[in-house]
Amino acid sequence: TAFRICNVTKVLPAVSLFQSVERRSLTSADEQVRARVPAAAVLRDPRNDAVAPITWRQLSAHTAGLSREAPCSFLQCTYSTKDIMDRTEQSVYRFTQTMAGADVSYSNFGSALLGHWLADVSGVDGVSGNDDVARWWELTKRLITQPLGMNATAVDADGARALGVPLWESYTAPRVASTPMPLHWISPAGSVYSTPRDLHKLLAAINDAYHNRTQHLFSRGAATARDMLTAVHVNADRSAFAAPWEVIYRYGTQVSTKGGFIEQFRTLVVIIPEMEISAVLVANGAGVDMSRFSLSVLDVVIPLINRTYAVRQSPRPPPLPSTFGGAALYSGDYG
């Protein structure tokens with residue numbers, strides 16, 4: 001049964017980003033977007049009106065400094081990417097909220113731009129046409145969902161129904177189902193429907209790449225998986241952001257999470273590649289604190305796994321780095 005996976009959708013364009021680097025559509029995730037997308041020059045630094053030097057990684061990691069929402073109604077954003085950039089140029093949305101790379105500014109706008117612009121530069125056969133959302137989803141299918149056999153994953157509720165996948169309803173009150181909320185152009189930021197089984201396929205593929213076991217997702221295996229999972233910005237509370245993960249440390253282990261909610265749906269995915277474990281949590285009612293629940297589970301599971309490694313005296317895989325070059329607020333030991 002498919003749930004709306006909400007902001008976990010953002011993992012898909014992030015994976016496509018690092019696949020694009022492997023395919024040489026981009027030189028690196030840290031390449032400035034305007035080098036391949038001239039329309040990105042619309043985005044400006046408010047201090048001097050210069051072009052904001054936004055990178056692909058920053059769009060995914062919410063460090064590009066863009067506004068939280070796009071310059072259109074959240075529920076009626078039926079524009080093309082060109083229309084969106086024209087509206088941006090003519091409004092205050094053209095100015096970044098912070099310097100690119102200097103701080104976290106959570107942005108559905110940036111995540112949507114990432115998905116659509118990747119479809120523009122990917123060079124993947126069959127990714128064409130005038131429907132921007134359809135082009136982004138075709139890219140996602142060809143690079144991610146089809147190779148991994150995520151056959152119950154679709155761009156929206158109508159897409160899931162077309163696959164014959166039963167849907168969980170979202171409830172605003174007992175036995176009162178809400179109407180699915182279409183996101184239109186903003187779809188790469190939160191529209192996808194999937195099942196826990198399909199999401200586990202994605203997380204397992206990331207784990208396999210991290211341990212260089214398969215190349216189903218990343219042809220360069222561990223190098224690419226680690227590049228995606230390594231945090232690039234450390235917050236004052238010592239949590240951190242990667243692309244697009246929200247990172248915490250528990251018992252000396254990096255825990256990468258991505259969660260969100262829309263229409264009472266709650267979805268959270270957790271991956272700990274060093275321990276080769278992942279978790280998918282979904283709910284379809286209000287009042288569920290997924291993050292607190294997941295931390296309670298981790299507080300039981302991580303010490304058990306650590307003890308298992310110690311008893312077996314088996315070597316653990318190399319950890320992800322706990323010091324991050326260029327992290328804006330980082331200083332000292334990150335523990």
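What percentage of the 335 residues in the protein is made up of buried residues? Buried residues come to 54% of them. The legends below begin with the whole protein and then turn to close-up views.

**Figure 1. The whole protein, shown as a predicted model.** Let's start with an inventory: the protein has 9 helices and 10 strands. Take the contacts with a separation of 6 or more: residues 24 or more positions apart account for 67% of them.

**Figure 2. Val37, a buried residue in a loop.** You will find Val37 in the loop between helix 1 (11–22) and helix 2 (56–61). Its relative accessible area is 6%, so Val37 counts as buried. Setting aside residues up to four places away in sequence, Val37 touches Trp56, Trp117 and Val121.

**Figure 3. Helix 5 and its cover.** Helix 5 runs over residues 132–145. Its 14 residues should span 20 Å at 1.5 Å a residue, and the end C-alpha atoms are 18 Å apart, so the two values agree. This helix is mostly covered, with 11 of its 14 residues buried. Among the buried residues are Trp136, Trp137, Leu139, Leu143 and Ile144, and the list also includes Asp132, Arg135 and Glu138. What covers them? The cover over the buried residues of helix 5 includes helix 1, helix 3 (81–89), helix 4 (108–121) and helix 7.

**Figure 4. Helix 7 meets helix 8.** Two packed helices are described by the angle between their axes and the distance between the axes. Here the axes of helix 7 (residues 196–210) and helix 8 (residues 222–229) come within 7 Å and cross at roughly 120°. The two helices are therefore oblique to each other. On the helix 7 side, the contact is made by Ile206, Ala209 and Tyr210. Helix 8 brings Ala222, Ala225, Arg226, Met228 and Leu229. Sorted by class, this contact has 7 nonpolar, no polar and 1 charged residues.

**Figure 5. Asp198, a buried residue of helix 7.** Is Asp198 buried or exposed? With a relative accessible area of 3%, Asp198 is buried. Leaving aside neighbours within four places in sequence, Asp198 is in contact with Gly149, Met150, Asn151, Ala152 and Thr153.

**Figure 6. Backbone details at Pro244, Arg24 and Glu276.** Most residues other than glycine have a negative phi, and most peptide bonds are trans. With that in mind, take a look at three places in the backbone. The peptide bond from Ala243 to Pro244 is cis, with omega near 5°. Pro244 lies in the loop between strand 6 (240–241) and strand 7 (246–250). Arg24 is not a glycine, yet it has a positive phi of about 70°. This arginine sits in the loop between helix 1 and helix 2, and at 69% relative accessibility Arg24 counts as exposed. Glu276 is not a glycine either, and has a positive phi of about 60°. Look for Glu276 in the loop between strand 9 (265–272) and strand 10 (277–283). Its relative accessible area of 38% makes Glu276 partly exposed.

Methods
Residues numbered from 1 in each chain as written. Predicted model: local features only at pLDDT ≥ 70, side-chain atom pairs only at ≥ 80, totals over all residues. Heavy atoms only, no water. Helix = DSSP H or I, 4+ residues; strand = E, 2+ residues; numbered from the N terminus. Buried < 20%, exposed > 50% of the residue type's maximum accessible area, 1.4 Å probe, protein only. Contact = heavy atoms within 4.5 Å. Axes fitted to C-alpha atoms, helices over the stretch in contact; angles between N-to-C directions. Parallel < 35°, antiparallel > 145°, perpendicular 65-115°, else oblique. Nonpolar A, V, L, I, M, F, W, Y, C, P; charged D, E, K, R; others polar. Expected span 1.5 Å × (residues − 1).
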